[in-house]
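Here's a quick tour of one structure, put together for someone new to reading protein models. Have a look at the picture first, then work through the notes.

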Amino acid sequence: MKLVTYSTGLFNIAYYVCKHGMELDNITKDLLRQKIEEDPDFEPGLTLLAVDEKDKPLGFIMGVIRKRKNGKTGYIKLLAVLKNFRRRGIATQLYSAIEKEMRKRKVKVIRVYESYPNYFMPGVDPFYTEAVCFFERNGFTKFNDCSNLKADLVKQDFNTEKEERKLRAGGISIKRATKKDFEPMIKWIRRNFAAWEPEVRAAFENKPISLHIAKKDGKIIAFSAHETNNRGTGWFGPMGTSKAARGKGIGGVLLKRCLKDLKNAGFKSSIIPWVGPIPFYMHYVNSKVERVFWRYQKVLKN
Ligand SMILES: CC(C)(COP(=O)(O)OP(=O)(O)OC[C@H]1O[C@@H](n2cnc3c(N)ncnc32)[C@H](O)[C@@H]1OP(=O)(O)O)[C@@H](O)C(=O)NCCC(=O)NCCS
């Protein structure tokens, strides 16, 4: 077994390992490309394949390092070993190489999968129980959990006319963002939810722009977006309402507008990831918990 540094020519091998090694997921080539080469922090040196002496695929790992407020955070963004080759230390070798490099680069903490804004899943799905065992064995501790909700898009029509009329009477207008809204939106998101700026930027790249905003007195007070991560899967979010504007039903309308877009684009269901306020989503769009994720981290003491 040897470790090989990823390059574009090895994409199909990485795809083969992810497709067959992540049995609870249905990863497509397009999605994997988004995760690997479209990640602004993608580094071939942190993306490795394990192959046998005939260069046949065995395993794959992708790490990324992001600059966060408290310093550099490392992420194991993707990891899989083909079923027939498990429990032979392949993931250990892949992971050790990444941890060694991250230590060299003064990474303070490593987390699993939740490499926002470009991430595949917000943590370890415990039904990948081997992964739970693997990360605990490698010194990770669970610090939180979260869930992805699923909203049905077939039975609901997401009509918001009535609610919007009511809001309009109170001076609040809701619309799909246009190019002209880009600058004010970026300024607003920096002040209110800075971590979501890359996802907001991504929404403005989509056609049509996959972001809706609420305004009062010409000023943005809330937004919702979709297809900003894991494009092609019906991925909702992020969304946020400024503190002073909460409790007026604005979020519900914005949420429904995004789900209506996804419905019109042909999706049968939407994923509302990394939640958060489950009752809010259940109330407005009857979304149910679909998957849970355990969040793991390892603090590196250099
Ligand atoms: C998780 C995964 C990558 C582990 O790969 P692997 O090559 O089998 O891992 P290793 O052989 O290096 O295992 C190292 C240690 O992890 C733990 N571990 C791994 N698989 C385990 C299992 N089935 N049962 C118990 N412990 C396990 C053990 O402590 C093991 O050490 P040991 O064999 O000396 O006891 C692999 O099971 C996999 O691809 N799973 C599906 C995809 C996945 O879960 N990806 C991560 C999603 S967050």
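Let's start with a pair of helices: α8 (residues 250-264) packs against α9 (residues 278-285) at an angle of about 65°, and their axes are 10 Å apart. That angle makes α8 roughly perpendicular to α9. Keep in mind that this is a predicted model.

**How α8 meets α9**

- Two packed helices are described by the angle between their axes and the distance between the axes.
- If you look at how α8 and α9 cross, you'll find a right-handed crossing.
- On the α8 side, the contact uses Gly 251, Gly 252, Leu 255, Lys 256 and Leu 259, and they meet Phe 280, Tyr 284 and Val 285 of α9.
- Sort the residues of this α8 and α9 contact by class and you get 5 nonpolar, 2 polar and 1 charged.

**How α5 meets α8**

- Helix α8 also packs with α5 (residues 161-169), this time at an angle of about 140° with the axes 10 Å apart.
- That angle makes α5 oblique to α8.
- The crossing of α5 and α8 is left-handed.
- Here Glu 163, Glu 164 and Leu 167 come from α5, while Ile 250, Gly 252 and Val 253 come from α8.
- The contact of α5 with α8 is made up of 3 nonpolar, 1 polar and 2 charged residues.
- Spot Gly 252 of α8: this residue is in the contact with α9, and Gly 252 is in the contact with α5 too.

**An open sheet**

- Now for some strands: 4 of them form an open sheet, running in the order β7-β8-β9-β10 with antiparallel pairing.
- β7 (172-176) and β10 (236-241) sit at the edges with a single partner strand each, so one side of each has no neighbour in the sheet.
- From one strand to the next, the twist averages 20°.
- β7 pairs with β8 (residues 211-216) in the antiparallel sense, over 5 bridges.

**Around the ligand**

- How many residues surround the ligand? There are 21, and the closest are Arg 86, Ala 91, Tyr 128, Glu 130 and Cys 133.
- β4 (71-81), α3 (90-104) and α4 (129-137) each give at least two residues to this shell.
- The largest share of the shell comes from α4, with 5 residues.
- By class, the shell around the ligand has 13 nonpolar, 3 polar and 5 charged residues.

How values were computed: Residues numbered from 1 in each chain as written. Predicted model: local features only at pLDDT ≥ 70, side-chain atom pairs only at ≥ 80, totals over all residues. Pairing = 2+ DSSP bridges. Axes fitted to C-alpha atoms, helices over the stretch in contact; angles between N-to-C directions. Near = placed C-beta within 6 Å. Nonpolar A, V, L, I, M, F, W, Y, C, P; charged D, E, K, R; others polar. Parallel < 35°, antiparallel > 145°, perpendicular 65-115°, else oblique. Left-handed = near helix turned anticlockwise from the far one by under 90°. Contact = placed C-beta atoms within 7 Å.
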